[in-house]
Amino acid sequence: ADILEHLKAAVAAIPDSTRIIFMGTRPEVATARFWAGYREYDRLVRDFIETTPNVVYVNNENDMAADDLYRWDGLHLSERGYALWNRKV
């Protein structure tokens with residue numbers, strides 16, 4: 001939860017008039033063993049963001065899971081992955 005405290009401090013340091021877009025974690029093929037932790041982290045972040053009007057949460061879990069969205073290493077986005085990512089923002 002230390003990382004959540006860092007996020008809260010960062011958001012508090014930014015003027016309330018600034019819109020912040022928080023991109024949720026992506027279910028990369030190469031990091032499958034961490035997905036349960038990613039989901040818990042995303043839940044904690046969403047809970048915080050619900051109380052913070054100038055922050056928007058973008059969920060990436062459901063539509064960023066296809067293998068062809070990632071390069072050969074299963075971690076970095078492919079051209080198709082970046083195209084989707086950019087549309088989401």
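This report describes the aromatic contacts of a predicted model.

## Basis of the values

In this predicted model, local features require pLDDT of at least 70 and side-chain atom pairs count only at pLDDT 80 or more, whereas totals for chains, interfaces and linings use all residues. Residues are numbered from 1 along each chain as its sequence is written, and side-chain values use heavy atoms, with hydrogens and water left out.

## Aromatic pairs

The structure holds 3 aromatic pairs, a pair being rings of Phe, Tyr or Trp (its six-membered ring) with centres within 6.5 Å, called stacked if the planes are under 30 degrees apart, edge-to-face if over 60 and tilted for the rest. Phe22 and Tyr41 have ring centres 6.4 Å apart and planes at 55°, so this pair is tilted. Phe22 belongs to strand β1 (residues 20-23) and Tyr41 to helix α2 (residues 35-49), 19 residues apart; helices (H or I, at least four residues) and strands (E, at least two) are DSSP runs numbered from the N terminus.

Phe22 also forms a stacked pair with Tyr57, at 6.1 Å centre to centre and 15° between the planes. Because Tyr57 lies in strand β2 (residues 55-58) and Phe22 in strand β1, this pair ties together parts that are 35 residues apart in sequence.

## Cluster and burial

Phe22, Tyr41 and Tyr57 form one aromatic cluster. Phe22 is buried at a relative accessible area of 15%, and Tyr57 is buried at 16%, where buried means under 20%, exposed over 50% and partly exposed in between (1.4 Å probe, protein chains only).
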